[in-house]
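Open your viewer and get the selection tool ready. We will take a short walk, stop by stop.

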Amino acid sequence: MIWIRSALYWLGLIAITLPYAILCLLILPLPPVLRFRIISGWCWSQVQWVRITCGVKYRVEGREHIPAGPAMILSKHQSAWETMALPIIFPPFVYVLKRELFKIPFFGWGLKASSPIGIDRSNRSESQRLVMSQGRDRLAKGFWICIFPEGTRVAAGKRIKYKHGGARLAIALGIPVVPVALNAGEFWPRNSFLKYPGTITVRIGPVIPPEGTPSELGDKVETWIENEMEKISGQGPCHPANQR
């Protein structure tokens, strides 16, 4: 049954993404934030579609911590799910991501139209310069910024050291950090065709001021997120503890 429901989700994804990709080309002349709001409609459709077809629901805890002004979102990254869910939970923001994603047919069109900050990971110094200049530009246009400090999707139940690029950018731009813990990988595993029913927990933490060194700020973010992960992990079928 899970195979059938997952296949239905993927068929719907393709059916919805193709016309949306064309729409993204047509809305390029519109203001960036308005484009984001239109594109986030695709994100909403996918979060709803995976709920309908595969029973993947979610709950958000800590909405009261979302500040009124611009901020840096530093989030746990376990799955593709949060890349679609975060844009419908938070105010308009841009992702910092690798440029290669722009080359993906159809999907890359919509991604680029959402005004992300694209970086070339093979050229670290140039990437840092672009992130700084484009970060200021996106803030001026009314966006927040979102970075996954682990740098890649990490399977549920596993942990890697966080990178401090997001903390460094937050300090340079003078914007607070909003940490986010989530357990999406326990229901939508990375690189998996299958999606498993259950309720994802998204936990938003108190704002962390952009103070201290990037390492100090980054460590604060990592400590908060990983402490919360210990509390919300183990709820889904794809957590290692539930596969024994």
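Begin at glycine 174, the residue that follows helix H6; its phi is positive, near 70 degrees. Helices here are DSSP runs of H or I with at least four residues, strands are runs of E with at least two, and both are numbered from the N terminus. A word on the model: it is predicted, local features need pLDDT of at least 70, side-chain atom pairs count only at pLDDT 80 or more, and totals for chains, interfaces and linings use all residues. Residues are numbered from 1 along each chain as its sequence is written, and side-chain values use heavy atoms, with hydrogens and water left out.

Now step back into H6 itself, residues 165-173, and select Gly166, Ala167, Leu169, Ala170 and Leu173, which are buried (under 20% relative accessible area; exposed is over 50% and partly exposed is in between, with a 1.4 Å probe and protein chains only). Because they cover an arc of only 160 degrees around the axis, they sit on the same side of H6; the arc is that of the directions from the helix axis to the C-beta atoms. An α-helix has 3.6 residues a turn, so residues three or four places apart point the same way.

Next, show H1 (residues 2-26) with H2 (residues 32-54): their axes come within 9 Å and cross at roughly 170 degrees. The axes are lines fitted to C-alpha atoms over the stretch in contact, and angles run from 0 to 180 degrees between N-to-C directions. H1 and H2 are therefore roughly antiparallel (over 145 degrees).

Is it buried or exposed? At 5% relative accessibility, methionine 84 is buried. Leaving aside neighbours within four places in sequence, its contacts are Tyr9, Trp42, Cys43, Gln46, Val47 and Trp188.

Most residues other than glycine have a negative phi. Serine 115, in the loop between helix H4 (107-113) and strand E4 (117-119), has a positive phi of about 65 degrees and is buried at 9% relative accessible area. Asparagine 191 lies in the loop between strands E6 (177-182) and E7 (198-204); its phi is also positive, near 55 degrees, but asparagine 191 is exposed, at 66% relative accessibility.

Notes. Parallel < 35°, antiparallel > 145°, perpendicular 65-115°, else oblique. Contact = heavy atoms within 4.5 Å.
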